[in-house]
Amino acid sequence: MGHKLKVAGWISVGVMAGALTTVSLQTVARGAMTPLPLEEIQQLSAVFGLIKTDYVEPVDDKKLITDAIAGMVSGLDPHSQYFDKKSFKEFREGTTGRFVGVGIEITQEDGLIRIVSPIEGSPADRAGLKTNDLITKIDDTAVKGLTLNEAVKRMRGEPNTKVTLTILRKDESRSFPVTITREEIKTQSVKAKVIEPGYAWIRLSQFQERTVDDFVRKLEEIYKQDPRLKGLVLDLRNDPGGLLDAAVAVSAAFLPENVTVVSTDGQLAESKATFKASPEFYQRRGSGDPLKRLPAAIKTVPLVVLVNEGSASASEIVAGALQDHKRATIMGSQTFGKGSVQTVRPLGPDTGIKLTTARYYTPSGKSIQAKGIVPDVMLDETAEGDVYASLRMREADLEKHLSNGQGQEEAKDPAREKAREEAMKRLEEESKKPLAERRLPEFGSDKDFQLTQALNQLKGKTVVASKTLTERKEEKKDN
């Protein structure tokens, strides 16, 4: 991880629960600890005692302590978190991109579970499940009434155990059961294809342990199919982040060697670091440099990066680096603005805390925290506009969000509040329509309006830029 960072603990640069992943940072005991605030500690002890003696029913000691730790950590900012045994296990699964299940990407539709796509080579793929299949039952439990998370938990389990899914395939007007044996699934965070001769699209949905290898493999396939590539679209829309070393590697694939990709700064000496486009900053221990397999042309191929409000953290690192070095045109809408680094400190073998320990900065020194990356060209989601953009949450909208550390905070914008009211009214009207009419086109499809504009940019054709999207401004923070 470079001169200043050594592999030992975890650092995450993802956004929100379930999408947070990590890289390593050495855990160091602080040399100078401030004295404990005895009066406040005594008050905490007094509250503990009052609950034990006066609460309406007995409360377990462990629960009280655990809840106190969780409250203390979560009160800091939206991304600091206490992990109990269960959440720690789920967090670790999220960082590796591995879990035990059947191997499908799913969403909810009219109370049922719709298969977005089976993961290539997974048990579900081998069993013949298809995109748009609907799951109506999991074993003997009807899916109607289950949340998406509850359905996921029922489909996951121990390796080599079986689960029976009842499938409704609308285009064949039939329903049938499929029994599938669970196994370890390796999720695929990279998709790619040649859209037309000379132009390709590669999408990263998350930065995981296998992302860089998959990214290199997909680019190899693209260049094998079309060696004379004239333009590439790197799609980071709705990418919530992930591993910092993966973000550095993806940036390094397009940048000159040894230029700065991102820097971090915090209280700890180990939090003050600069990551460069060099193998020592992204190469995994015991493995070679995967980027060496890429053709030299990848350094100069015209590049457009697509981002939106769902692009956060690690994806903002990539977009910010490529923008600052003028290597790519950034298109879409202003990104989420999650510019803080989280370190996971184990508290024992199966519990820990995720603590915000640093802010990160683009090569030009700009803090992304609560600001985000502002595209070079603003794009609406569809040809009809982007009326729901004002409803999407960003870092600056989160309660207790960390400031950007550069003396500025996002301004309250009356026009944005008015736009939100209008969008809410339209959303209520749209919700009355059938789901198929409400769903946005799939990323990478021929109906993907933003991708079409990205291709127009690469070809030198007219781009339909947004007439409504504007940068969310900042103002001086009151002292």
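**Exercises: a sheet and a helix pair**

Strand β14 (residues 231–235) and strand β17 (residues 303–307) run parallel and are joined by four bridges. Helices (H or I, at least four residues) and strands (E, at least two) are DSSP runs, numbered from the N terminus, and two strands pair if DSSP finds at least two bridges between them. This is a predicted model, where local features need pLDDT of at least 70, side-chain atom pairs count only at pLDDT 80 or more, and totals for chains, interfaces and linings use all residues. Residues are numbered from 1 along each chain as its sequence is written, and side-chain values use heavy atoms, leaving out hydrogens and water.

**Exercise 1.** Find the order of the six strands in the open sheet.

*Solution.*
- Step 1: the order reads β12-β13-β14-β17-β18-β21, with mixed pairing.
- Step 2: β12 (190–196) and β21 (377–378) are at the edges with a single partner strand each, so one side of each has no neighbour in the sheet.
- Step 3: zoom in on L234, whose bridge partner in β17 is V305.

**Exercise 2.** Describe how helix α1 (residues 38–54) and helix α2 (residues 61–74) cross.

*Solution.*
- Step 1: their axes (lines fitted to C-alpha atoms over the stretch in contact, with angles from 0 to 180 degrees between N-to-C directions) come within 11 Å and cross at roughly 140°.
- Step 2: α1 and α2 are therefore oblique to each other (under 35 degrees is roughly parallel, over 145 roughly antiparallel, 65 to 115 roughly perpendicular, the rest oblique).
- Step 3: for contacts (heavy atoms within 4.5 Å), F48, I51 and K52 in α1 meet D61, L64 and I65 in α2.
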